[in-house]
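Here is a short report on a single protein chain.

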Amino acid sequence: MMQAMILAAGRGERLRPLTDSCPKPLVDVGGQSLLWRHLVALEQTPVTQVVVNGAWLAEQVFAEVARYAQQAKARLPSQWQWHAQLEPAGGLETAGGIIMALPQLGEQPFWVVNADILTDFNWSVMPQTLAEGMLAHLVLVPTPAFKTVGDFGLDEQGYVSAEGGWTFSGISLLSPDLFKGLTVSRLGLAPLLRNAMAQGRVTGQVYNGYWQDVGTLERLAQARQDVQAR
């Protein structure tokens, strides 16, 4: 069974004052929340279990998951499950939240997606397993205009390096072994990925379709315009 996690615990400081009363994953774009859009996309994949974490205004996040689960129950196989993970106040950051969710995510590689992106990424082109010895597979996108430099590089063999002109999309396939020996704490994902890259254990692919980081009020406005224009 394929597992996935939607990272939905962020505070959304740069989207204030909107996110003072609405958690970032529930920001409306074209009549649907970002979180709802990700749940719809994952429904069309081999995934049968989804973990959604929450910290800031988590009760609203989990209520959205419950509404979606109730609506989807009639059309999905009985093995489909949605899990809500409540994190401590302030959240655990990306890696910390994933480590907390590992008991639910199982022992096989799992997909992860940031809730605060808008994309038409086709999950059918996403690997469901990692090559032998690999710890992660990342989806990279062309670096958008609002960034001065990219996050990572990608060589001709498909290995990701710690420096380069591509931006991490927030979509990945991760091995539980990436977090081996770590305990639940506030911890970002990037340092773990960079360490794995130094060992040559991260692969990647480039996605050239629509992708938008909905991290500021300006980018939210652009995302809404993009959806309206489609």
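## A loop with a cis proline

Pro-17 sits in the loop between β1 (2-7) and β2 (28-29). Helices (H or I, at least four residues) and strands (E, at least two) are DSSP runs, numbered from the N terminus. The peptide bond that joins Arg-16 and Pro-17 is cis, with omega about 10 degrees. Arg-16 also takes part in a network of salt bridges, together with Arg-11, Glu-13 and Asp-20. A salt bridge here is a side-chain nitrogen of Lys or Arg within 4 Å of a carboxyl oxygen of Asp or Glu.

The model is predicted: local features need pLDDT of at least 70, side-chain atom pairs count only at pLDDT 80 or more, and totals for chains, interfaces and linings use all residues. Residues are numbered from 1 along each chain as its sequence is written, and side-chain values use heavy atoms, with hydrogens and water left out.

## The whole chain

The protein chain has five helices and twelve strands. Its C-alpha atoms fill a box of roughly 40 × 40 × 35 Å along the principal axes. How does the radius of gyration fit a compact globule? The protein chain has 17 Å, which agrees with the value near 17 Å for a compact globule of 230 residues. That radius is taken over C-alpha atoms, and the globule rule is 2.2 Å times the number of residues to the power 0.38.

Of the 230 residues, 53% count as buried. Buried means under 20% relative accessible area, exposed over 50%, and partly exposed in between (1.4 Å probe, protein chains only). The accessible surface comes to about 10,800 Å². Carbon and sulfur atoms hold 51% of that surface. Areas come from the Shrake-Rupley method with a 1.4 Å probe; for residues, only the protein chains shown count as cover.

Contacts (heavy atoms within 4.5 Å) also span the sequence. Among those with a separation of 6 or more, 74% are between residues 24 or more positions apart.

## Charged pairs

The protein chain carries 16 positive and 20 negative side chains. Lys and Arg count as positive, Asp and Glu as negative; His and the chain ends are not counted. The centres of the two sets lie 5 Å apart, with each charge placed at NZ of Lys, CZ of Arg, CG of Asp or CD of Glu.

The structure holds ten salt bridges. The table gives some of them.

| Salt bridge | N to O distance |
|---|---|
| Glu-93 and Arg-186 | 3.3 Å |
| Asp-151 and Lys-147 | 2.7 Å |
| Arg-219 and Asp-213 | 3.5 Å |

Glu-93 and Arg-186 meet in a salt bridge. This pair links distant parts of the chain, 93 residues apart: Glu-93 is in helix α3 (residues 93-105), and Arg-186 is in the loop between β10 (160-174) and α4 (190-198). Arg-186 is exposed, at 51% relative accessible area. Glu-93 is partly exposed, at 43%.

Lys-147, the partner of Asp-151, is partly exposed at 24%.

## Positive phi angles

Which residue other than glycine has a positive phi near 65 degrees? That residue is Glu-93, found in helix α3. Leu-57 also has a positive phi, near 50 degrees. Leu-57 lies in the loop between β4 (47-54) and α2 (58-72). Leu-57 is buried, with a relative accessible area of 17%.
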